[in-house]
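Please walk through this two-chain model with the coordinates open. The paragraphs below go from one chain to the interface and then to the other chain.

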Amino acid sequence: MSDTIVPLTTKKDWASDQEVRWCPGCGDYGVLQAVLQLMPELGVSPANTVFVSGIGCSSRFPYYMNTYGVHSIHGRAPAIATGVKTARPDLDVWVITGDGDALSIGGNHLIHMLRRNVDVTMLLFNNRIYGLTKGQYSPTSELGKVTKSTPLGSVDPPFNPLAVALGAGASFVARTHDLDRKHMTEVFRAAHGHRGASFVEIFQNCNVFNDGAFKDIVSREQRGEMLIDLKHGEPVRFGADGHLGVMATKDGSLQIVEVADVGEDAILVHDKHRQNPGLAFALAGLSHDDHSPTPFGIFRQVESHEYSSAVSVQVAHAYERNGPGDLAALLRSNGTWTVK
Amino acid sequence: MTSLTKEATAPLGVKSRDAERSKNFFALGLVSWLYTRPVETTTSWITERFKDPLVRAANEAAFKAGYHFGETTELIDHPFKVPPAPLRAGEYTNVTGNTALAWGVIAAGQLAKLPVFLGSYPITPASDILHELAKHKHFGVRTVQAEDEIAAVGLALGSAFAGHLGVTATSGPGMALKSETISLAISLELPLLVIDIQRGGPSTGLPTKTDAGDLQLALYGRHGESPLPVIAAYSPSHCFYAAIEAVRIALKYRTPVILLSDGYLANGSEPWLLPNIEDLPDISVQFATELNHIAEDGSEEFWPYLRDPQTLARPWAIPGTPKLMHRIGGIEKEDGSGNINYTPQNHQLMVNLRAAKIAGIANDIPLATISGDEDATTCVLGWGSTWGAITEAVMRLRAEGTKVASVHLMHLNPFPKNLGEVLKRFENVLVPELNSGQLCRLVRAEYLVDAHSISKIQGIPFTAGELVAAIKQRIL
């Protein structure tokens, strides 16, 4: 970060003059509002911020931010953002993507951006459907999903986005949902503050092509018994008065239990800073459908070697060691001879 | 040769298995005797190159044994002697095409006063460009070995958006994968250098062999109406200048440029009369720093697609610049404001503007020049690495008394403004190419000249003798 003083901004300074064109009722509006609300609180300037997106409904996002932005091509946002950040580590770089964009056509770039741990904040809008192309199943659609492209039901099992991210070695992995502005804001704030690649999955409702995909978990009526809010350093408990909890069993898997049955001490205490991603992976896999208790919050946040600064350090060291490049000397570096 | 090499290296304690690896130096020694070459250059190179004393000693022993074998067995009566070539006075180095190209990219970054950013994925015969650039970080060069060819060009394009000189280097299969991102770069109107070191195709084809089959890929291998400038290097040392010229055009016109080289140039080397650094062109660019448009309500704003009336290039405003925040994307944009625009007339206008911008570069490049006999009835038209063979063939024909001219193209899109007029002066236009006649078809279509293709697609270059025969067959 530079030492320049960043002028105070308001939400208005971060919104562009473009008309927002998602379908009425789309979950994307809530995410946009959460980001717009957060930005003035981060102490960064619009001129130093870049939003990069791929293709899909969510990828229209950069047009609505009064920052620098690239609406790129399908799946490639992580690669382009890595280019921006590696060239200019001084910039604040965000990637906006969706389940099809990041996990299908752009899967390779996703895992490699996470592996390199490029200091970029990625928001993955997961609505479990292809919305922009009007309703085909996505790599996060449940097995058996009936869509225009799978009239008899899909036969390929879905990805668990968090498991993919953890498998790629992501140093920051979190999940939130589009109905809780406060939760989103806090998760985004932590993701932005993390030095390294931050991966945030957002359960986002597509009210046109996959309405209610997450309602059994995130609706106001269900949240109490279905949403497990992970809090660092606290026992993983949920439900009315925290009567339910998550317990590690002898084989390393996790199990949902009545706290009264096992005792408070048996309940897993969440540690997002654990280097070994095993427990985070188990938490990510705790729910395997859209109708059972599902953890939200920050699964993993660990310090790790960051890519863009490492590249810059190598350039700086080369400069210190060799001085500024001398073109005339370079052309003579393989030896010369003179013809008279 | 194996047993002679083993014999020569055994006294040093070299194992029989390792001795075989010095066989090439035995052969080199023998050839050095055959052509009466001085041995000191090679022996000092061996000393320089091999750090392991045993390997060094073995190679030197094998080299000398080969040389002496020729001498003592008097293999042939009269060894050949190659006199020094008549070269212009000056300081020379020996350079391969890929090294010259990498140095050209570094030079272009210096001349443009921009940091260089190479995104690349290993591929034969282009990897040496990545290797060479990775060595020179103190020139402000960043190199990233990307996860794939698509990411490689994506990284380069991202760096260009951020204000770096974005470069990617690959060969045919990689070009195919980069196509969509190159189209994005055309739509974003950002500078980008795409280097294609051609090899035999299709598919894996002949990865280590030369070919010129990617000309039409470079010109047309994208979706939609997506013209871009194409430049071809014609000799190993020319790769240096071609890289600077490609970057000059990319920066000035805010466009991706495809630079074509090939396996023959990439790995071939030649003596290069070193340029004076001061004589290289200034290709520096100005980033936008000011608002450039007055809105209807009288307020000042920034229009990312407000074009320079001369070049039709748009302003390059890089992140970090106060007040110039803007969003660009692959969706069709309104001319000027850059806002998304789907209207029929705007799309036609933008297609036309993008095409006119590239076509206009013809006013900014040298005219085609004729070598040889201007009053000949036959002209040999070439591009790329055929330059050496064509030049030699034309020289031989003229020495025999046959009148012939030649034109060699560096700019393949747009063509030099006078190319049609030049070609129409000749009865016969012959186009030797290491492909099935891609340039030949192009000049026929473009200028209605009755050009004939001389084609060779064997993974090896033309020889001058082949071209002399082919040209004679056509014109005599």
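What follows describes folds, packing and a few backbone details.

This is a predicted model, in which local features need pLDDT of at least 70, side-chain atom pairs count only at pLDDT 80 or more, and totals for chains, interfaces and linings use all residues. Residues are numbered from 1 along each chain as its sequence is written, while chains are lettered from A and ligands numbered from 1 in the order in which they are written.

Chain A has 13 helices and 12 strands. Helices (H or I, at least four residues) and strands (E, at least two) are DSSP runs, numbered from the N terminus. Along the principal axes, the C-alpha atoms of chain A fill a box of roughly 95 × 45 × 45 Å.

Chain A contains an open sheet of 3 strands in the order β8-β9-β10, with antiparallel pairing. Two strands pair if DSSP finds at least two bridges between them. β8 (237-238) and β10 (254-258) of chain A are at the edges with a single partner strand each, so one side of each has no neighbour in the sheet. β8(A) is joined to β9 (residues 244-248) of chain A by 2 bridges in the antiparallel sense, and Phe238(A) stands opposite Leu244(A) in β9(A).

One backbone detail of chain A concerns phi. Most residues other than glycine have a negative phi, and most peptide bonds are trans. Asn117(A) has a positive phi, near 65 degrees, and is placed in the loop between α5 and β4 (120-126) of chain A.

The interface comes next. In it, 52 residues of chain A are in contact with 51 residues of chain B; contact requires that the C-beta atoms of two residues, placed from the backbone, lie within 7 Å. On the side of chain A that touches chain B, the elements giving two or more residues are β2 (68-71), α3 (77-87), α5 (107-116), α12 (307-322), α13 (327-331) and β12 (337-339) of chain A. Of these, α3(A) gives the most, with 8 residues. By class, this side of chain A has 25 nonpolar, 22 polar and 5 charged residues. Ala, Val, Leu, Ile, Met, Phe, Trp, Tyr, Cys and Pro count as nonpolar, Asp, Glu, Lys and Arg as charged, and the others, Gly among them, as polar. Strand pairing also links the chains: β12(A) and β1 (residues 90-96) of chain B run antiparallel and are joined by 3 bridges. Trp337(A) has Tyr92(B) in β1(B) as its bridge partner.

In chain B, 5 strands form an open sheet of mixed pairing, in the order β12-β14-β13-β16-β17. Its edge strands are β12 (371-372) and β17 (451-455) of chain B, each of which pairs on one side only. Within the sheet, β13 (residues 378-383) and β14 (residues 405-409) of chain B pair in the parallel sense over 5 bridges, and Trp383(B) has Leu409(B) in β14(B) as its bridge partner. Helix α14 (residues 387-399) of chain B lies across β12, β13, β14 and β16 (428-433) of chain B, at about 170 degrees to β14(B). Helix α17 (residues 464-475) of chain B lies across β13, β16 and β17 of chain B, at about 150 degrees to β16(B). Axes are lines fitted to C-alpha atoms, for helices over the stretch in contact, and angles run from 0 to 180 degrees between N-to-C directions.

Helices α4 (residues 40-49) and α5 (residues 53-73) of chain B pack at about 165 degrees, with their axes 9 Å apart. α4(B) and α5(B) are therefore roughly antiparallel to each other; angles under 35 degrees count as roughly parallel, over 145 as roughly antiparallel, 65 to 115 as roughly perpendicular and the rest as oblique. The contact involves Thr42(B), Thr43(B), Ile46(B) and Thr47(B) of α4(B), with Arg56(B), Asn59(B), Glu60(B) and Phe63(B) of α5(B).

Two cis peptide bonds complete the tour. Gly201(B) and Pro202(B) are joined by one with omega about 0 degrees. The bond from Asn413(B) to Pro414(B) is also cis, with omega near -10 degrees.
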